[in-house]
Amino acid sequence: MPDKAKLQAINEQKERDERLIELSKSGYTNAAEIRLALTDGANVHAKGSRAMLNACKKLNYEVVHTLIEFGALSMPIARKYLGSLCDYRGFDKSDMEKYHNVLDVAISITGRDDDYFEPYINNRAAVGDMEGLDNFKRRFELTDDYIVRHIYPGIIFEIIKNGHEDMLAYITNNRDWIDKSCFDSAVAGGEEAVLQYIFEHSELISPSRAAVATALFAGRTGVLDMLSDVGYDFEGHDSFFLEKACRATMSTGFAPLEYLLSHGYSLTDSYKGKTVMENALADGNFKLTQYVRERV
């Protein structure tokens with residue numbers, strides 16, 4: 001039989017941990033309540049450092065400081081939660097000093113960590129806040145090279161689409177970010193403004209088949225037209241593209257297939273050793289079956 005004393009101890013620990021997590025859900029909980037719960041034996045790391053996540057979401061800096069004092073940052077995920085505090089709803093300029101101060105405390109305990117810097121760098125870059133980035137750089141003695149290396153490609157895409165020219169110039173002057181990976185991401189994601197920028201500032205014109213297939217499947221024919229305009233050849237019979245377009249008829253519609261049909265493909269073509277009709281029947285794709293019957 002299970003040891004009753006051990007079961008009781010497990011249940012009591014669970015209750016203490018759940019109380020800590022419940023307390024952390026409120027933005028009005030004070031540090032004294034959290035301190036009492038932790039002193040009473042609650043595990044600061046309970047459920048993947050959920051208390052730290054809750055406190056950061058509520059922008060409850062007193063509670064965050066207390067959790068740090070009790071060792072929360074020894075768990076890597078807690079460092080990520082702390083760095084991402086700037087991304088949670090309600091964070092604004094009035095939070096800056098408190099946020100920076102808590103990062104100072106964290107760095108004094110764990111040392112400098114990308115998890116503390118990347119979220120804010122990308123948060124400010126996305127909205128074109130050069131002043132905010134400059135202040136952050138000085139506060140934490142970061143270099144321009146460090147900052148631009150830690151701006152995510154997706155954020156650069158947002159910068160381009162939103163016309164933050166100063167921020168884009170800052171990144172471009174400090175980093176050669178246009179590469180095959182970014183190009184493929186722009187194609188796959190249907191990022192037409194980004195793709196136009198890449199065409200104007202690089203020699204890239206041939207994305208991977210996977211990127212093209214992803215765009216095709218999603219019906220992002222605008223980027224496919226842009227690729228055609230710079231010389232990408234859709235004419236022919238690439239069975240991989242045909243398969244993607246046919247499968248898209250079950251979810252995103254017939255635009256992908258019709259795009260291929262307008263570029264040299266035929267409903268009598270094959271993929272995976274079967275015709276379009278045979279694959280449609282095998283997949284139970286009634287819509288495509290009807291479509292083919294009406295046109296062949």
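1. Basis of the model. The model is predicted; local features need pLDDT of at least 70, side-chain atom pairs count only at pLDDT 80 or more, and totals for chains, interfaces and linings use all residues. Residues are numbered from 1 along each chain as its sequence is written, and side-chain values use heavy atoms, with hydrogens and water left out.

2. Helix α3. Helices here are DSSP runs of H or I with at least four residues, numbered from the N terminus. Helix α3 spans residues 46–57, 12 residues in total, and its first and last C-alpha atoms lie 17 Å apart. This is close to the expected 16 Å, where the expected span is 1.5 Å times one less than the number of residues. Just after α3, Leu 59 adopts a positive phi of about 55 degrees.

3. Packing of α3. A residue is buried when its relative accessible area is under 20%, exposed when over 50%, and partly exposed in between (1.4 Å probe, protein chains only). Among the buried residues of α3 are Met 52, Leu 53 and Cys 56. The buried residues of this helix pack against α1 (4–24), α4 (61–69) and α5 (76–83).

4. The largest nonpolar core. Such a core is a set of buried Ala, Val, Leu, Ile, Met, Phe, Trp, Tyr and Cys residues joined through side-chain atoms within 4.5 Å. The largest has 96 residues, of which Met 52, Leu 67, Leu 82 and Trp 177 touch the most other members. Neighbours within four places in sequence aside, Leu 82 is in contact (heavy atoms within 4.5 Å) with residues including Cys 56, Val 64 and Tyr 116.

5. Cysteines. The structure contains zero disulfides, a disulfide being a pair of cysteine sulfur atoms within 2.5 Å. Cys 56 is buried at 0% relative accessibility, and Cys 86 is buried at 3%.

6. Asp 115. This residue lies in helix α7 (residues 114–126). Asp 115 counts as buried because its relative accessible area is 17%. Its side chain makes a polar contact of 3.1 Å with that of Lys 80; a polar contact is a pair of N or O atoms within 3.5 Å, where within protein one must be able to donate a hydrogen and the other to accept it, and residues adjacent in sequence count only if both atoms are side-chain atoms.

7. Phe 234. The loop between α15 (221–229) and α16 (239–248) holds Phe 234, which is buried at 3% relative accessibility. Among the residues that Phe 234 touches are Leu 224, Tyr 259 and His 263.

Terms used
Helices (H or I, at least four residues) and strands (E, at least two) are DSSP runs, numbered from the N terminus.
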